[in-house]
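Reader: I am new to this structure and would like to learn how to read a few of its features. Please take them one at a time.

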Amino acid sequence: MREKINFDKGWLFHKGDLKNEYPAYKGFSYLSAKTERAHIGPASIHYNDNPDCYNNNVLMVSDKWEQVDLPHDYIVGGVPENKYNSAMGFFKAENAWYRKHFTLGDEDRSKRIVLHFEGVCNQATVYLNSCLMKHSFTGYTPFDVDITDIVKFGAENILAVYVNAEQPEGWWYEGGGIYRHIWLVKTDLVSVDRYGIYAKPCKLDGDKWRVDCEVTVRNDDISDKLATVKGRILDAEGNEVAIAEGATEILCKDRSVVKYSFEVEEPHLWSPDDGYVYTMEAKVFVGEGEVDCDFVNFGFRTVRIDPDKGLFINENHYKIKGLCGHGDCGFMGKAVPDNIHKYKVQLMREMGANGYRCSHYPQSEILMDELDRAGFIVMDEIRWFESTDEGIDQLETLVKRDRNHPSVIFWSVGNEEVYHCREQGRRICETLMAKLRRLDDTRFVMTAVDRPDGATVYDVNDVIGINYNLPSYDHAHEKFANKGIFASECAAVGTTRGWYFPHDTSKGYLSAYDIERGYFGGREETWKFIFDREWILGGYQWIAFEHRGEAVWPRLCSQSGTVDLFLQKKDSFYQNKSFFTSEPMVHILPHWNWQGFEGREIAVWGYTNCEELELILNGKSLGRKAIGKCGHGEWTVAYEPGKIIMKGYIGGVEAASDYCVTSGKAHRLVLTQDTLEVKANGEDVAIFTCTVVDENGLEIPNAAIPMVDFTTTGDCRVYSTGSDVCDHSSLFNTSRRMREGRIGIAVKLGTNPDGMKLYAMADGLFGAVADVKVM
């Protein structure tokens, strides 16, 4: 039966290339041309990687190897320097090696043994026992390495992975290393193929549905086999809903597809309001014996697009209130733990978003699962807009992996390509779309185009995706009157958390107010434009979270995120919430700690979904203002310390409010745990925020503390810290300068939940201690 074993623990790592001088002899060349081709260096089974060796019978090496666990990004811990690529976050890109020793028992001899790599940045070459096994050309598409024929049983195996991170694949921070999970998968020689289950629901009359299922079964034995596949549909509670089966003869060392159908009445529908998923289970039998069992999650939903009315899911209208996202996190680079992916989805949902764009590549498997459960409308994007063999292989892997996800509504086969406006681009697009439709014909295929007026690919796309370019929409709607149109990328407005002055390029900070216009469009301007046009399906705003790279020194990251690099909500988070949600809310900016600015005018803004806003300073009303859809309230106020309140009204009745109070001198540190759904499993990371309060307990939002020290007790450790996007010290420092009142702390949890605590200390202040709360 199938075993899926996490292979993340117990790796050895070496940063940098290792010099291999090839002997000038025929014997070496002869042996290196055989199956076991690696005879020197870390790829060789004979290489000594022991970092502290006491064995007199092996060759001692001076290469520095360290023990690491996966996921692992070896670039992000470096010190940024202005001489390195700004697109990559000013880090030095280096290559590296990984090695792992493992043993399989004799009981595995009759099984198929596969290593599944979810992602290695950027290019990877995999060796087992000195044998070349696989070369991956991309850092984003998962791949399998079948080691059945090469692996040893009852003896030690040496797995080596060479990572080339010096050749960038994108224009954002890419990191380097085995940054997603690796799985060791053991199956019978007759088994379900990787991504081999395809569930295809189709609505019939009334509440009746048919689910066509395709199961690809592989036979890795040396004799032909007759296999029977028994399928079941299970609901979210594990109850059996329907059964079906089919059989096939599979030639030796070949694959075959088994097809069967289910009938289901009144299924629980998936929607952006209810991320309900079912399980499709497939059991494989040879003779009377069960040899394999695999499953996927899927959902029941209908989707249609009316070019004049928009997007309908289950015949209910939805406007896409979406966000673009990269797959990294400021605290750990590309090596993002599963629970942080989940937390990022929670933050986006809290903001009111219902859409997510996987920009600009296949993202983690756990993230896709969470997007299903959270009811997101997903635009799933491939990295390479190429019809080469490699490009087609990457497309096929993405589609097979994600075609069961009910959240995936759009396939994007390219982003901002020069070829989108050329004849060659149209031909590439036609080839990719033809291949894609053979794999999945149930979704809309499009490209994200930043030169819409000259696009050649729009003629063949199912829907029209436009990046920015608001003046082009009405013309595109007229020209492609039979196709839906949406903003595949929009409103890239850079703002810095807590910076309420004009842009200051010398400091690297951008104004926190939504003041940008022009090609990229302001958030307010863009979303008003989208909501005013019923026929626009919606949009995907750039971007949900600040990400490293695409930076201008001294800043280390892009500033368009609604959540900052260290997972602190920015004013734009609440601005989006005012656009995306209906529950009454008000957010006031800036803070009200302007000591030394008495009498000077301060721009006070309010974000709300209420009809009116009123501003009150120290008990005196400064007037009410009507607020339109996607609008904001704005006052110019002479500063005086005290309390400033903003009230929101609907139908003349107060419905929500927000306020700021002038605080005193820094007195005490405070620690707050932001991620509550964490487990003591040796993998999860808990996120904390450190703030400062005065002696009355009022938070000081603009506090600047020269240094705060963090430490832990119990089975946990301070993994990383961050506050200022222009801080050039190592991410992994356990001491951090506080900027604008907040420091984020990532705490890596062990496996013993008892007694885990985080401490914060700073000169002249009372310290703080917090229990690390686990599920």
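Author: Begin with the names of the elements: helices (H or I, at least four residues) and strands (E, at least two) are DSSP runs, numbered from the N terminus. The model is predicted, so local features need pLDDT of at least 70 and side-chain atom pairs count only at pLDDT 80 or more, while totals for chains, interfaces and linings use all residues. Residues are numbered from 1 along each chain as its sequence is written, and side-chain values use heavy atoms, with hydrogens and water left out.

Reader: Where is Glu263 found?

Author: Glu263 is found in strand β15, residues 254–265.

Reader: Is Glu263 buried or exposed?

Author: Buried means under 20% relative accessible area, exposed over 50%, and partly exposed in between (1.4 Å probe, protein chains only). Glu263 has a relative accessible area of 70%, so the residue is exposed.

Reader: Which residues of helix α7 are buried?

Author: In α7 (residues 523–532), the buried residues are Arg523, Glu524, Thr526, Trp527, Phe529 and Ile530.

Reader: What do the buried residues of α7 pack against?

Author: Contact here means heavy atoms within 4.5 Å. The partners of these buried residues include the helices α6 (473–479) and α8 (571–580). Strands are also among them, including β21 (320–325) and β33 (632–638).

Reader: How many salt bridges does the structure hold?

Author: Side chains of opposite charge can pair when their charged atoms come close. A salt bridge is a side-chain nitrogen of Lys or Arg within 4 Å of a carboxyl oxygen of Asp or Glu. The structure holds 47 of them. One joins Arg99 to Asp49, with the closest N and O atoms 2.5 Å apart. Arg99 lies in strand β4 (residues 96–103) and Asp49 in the loop between α1 (26–32) and β3 (66–68), so the pair ties together parts that are 50 residues apart in sequence. Both residues, Arg99 and Asp49, are buried.

Reader: Which side chain does Glu699 meet in a salt bridge?

Author: Glu699 meets Arg742, at 3.2 Å from N to O. Glu699 sits in the loop between β37 (685–693) and β38 (708–713), and Arg742 in the loop between β40 (735–736) and β41 (743–749), 43 residues apart. With 33% relative accessibility, Glu699 counts as partly exposed. Arg742 is partly exposed as well, its relative accessible area being 27%.
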